[in-house]
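I opened the model today to look up a few contacts and charged pairs. My notes follow in the order I made them.

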Amino acid sequence: MRRKIAALAEEPKERAPNFYELGELLLFEMQREDEAYQAFEAALEADPTMLEALEVLASALAENQEWAHLERVYANMIEQFVSRDDDEAHTVLAELHRRTALLHRDHFADPASPPEPPHRE
């Protein structure tokens, strides 16, 4: 129900805070991580500049050692910012590339190819 409410806002930038709040509720109060990840990703899709959603999502994925998922999130964010030509985009891209490089260095045996995500039962 809350997901439907979050999606009701007409403008994407208006939807983003709704999805962010839903993600926080799912993650911190209901411990429904997969659904929380989806809500945070929806917030970022609606408004890629909502970097607090990226921070919470990245922290949760790192805490759960979901490295391949985190790498995909960073790649999606890079894709969102790569076509922009403004100072904020350049700063965000530099940070995303830095985080991706550190992620590959620290958590992937072969930095050129991230491992398959773990299968959940």
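**Salt bridges and a helix pair**

I began with Arg98, which is partly exposed, with a relative accessible area of 43%. The model is a predicted one, and I kept that in mind throughout.

Entry 1. I looked for the partner of Arg98 and found a salt bridge with Glu95, where the closest N and O atoms are 2.7 Å apart. Both Arg98 and Glu95 belong to helix H6, residues 87–107, and they sit 3 residues apart, about one turn of the helix. Glu95 has 29% relative accessibility, so I put Glu95 down as partly exposed.

Entry 2. Arg99 and Glu95 are 4 residues apart in helix H6, about one turn of the helix. Arg99 comes out at 18% relative accessibility, and buried means under 20%, so Arg99 counts as buried.

Entry 3. Which residues are linked in a network of salt bridges? I listed Glu55, Glu95, Arg98 and Arg99. The count of salt bridges comes to 8. One of them joins Arg32 to Glu35, with the closest N and O atoms 2.6 Å apart. Arg32 is partly exposed at 35% relative accessibility, and Glu35 is partly exposed at 33%. I also wrote down the general point that side chains of opposite charge can pair when their charged atoms come close.

Entry 4. I moved on to helix H4 (residues 51–63) and helix H5 (residues 67–82), which pack at an angle of about 160° with their axes 9 Å apart. Angles over 145 degrees count as roughly antiparallel, so H4 is roughly antiparallel to H5. The crossing of H4 and H5 is left-handed.

Entry 5. I noted who meets whom between these helices. From H4 there are Leu51, Leu54, Leu57, Ala58, Leu61 and Ala62, and from H5 there are Trp67, His69, Leu70, Val73, Tyr74 and Met77. By class, this contact of H4 with H5 has 11 nonpolar residues, 1 polar and no charged ones.

Entry 6. Is His69 buried or exposed? His69 is in helix H5, and its relative accessibility is 14%, so it counts as buried. Leaving out residues up to four places away in sequence, I found His69 touching Tyr37, Glu41 and Leu61.

Entry 7. I followed Glu41 next, which lies in helix H3, residues 33–46. Glu41 is partly exposed, with a relative accessible area of 27%. Apart from neighbours within four places in sequence, Glu41 is in contact with Leu57, His69 and Val73. I also checked Glu41 against Gly23: they are 18 residues apart in sequence and 8.9 Å apart in space, C-alpha to C-alpha.

Notes: Residues numbered from 1 in each chain as written. Predicted model: local features only at pLDDT ≥ 70, side-chain atom pairs only at ≥ 80, totals over all residues. Heavy atoms only, no water. Axes fitted to C-alpha atoms, helices over the stretch in contact; angles between N-to-C directions. Helix = DSSP H or I, 4+ residues; strand = E, 2+ residues; numbered from the N terminus. Parallel < 35°, antiparallel > 145°, perpendicular 65-115°, else oblique. Left-handed = near helix turned anticlockwise from the far one by under 90°. Contact = heavy atoms within 4.5 Å. Nonpolar A, V, L, I, M, F, W, Y, C, P; charged D, E, K, R; others polar. Buried < 20%, exposed > 50% of the residue type's maximum accessible area, 1.4 Å probe, protein only. Salt bridge = Lys/Arg side-chain N within 4 Å of Asp/Glu carboxyl O.
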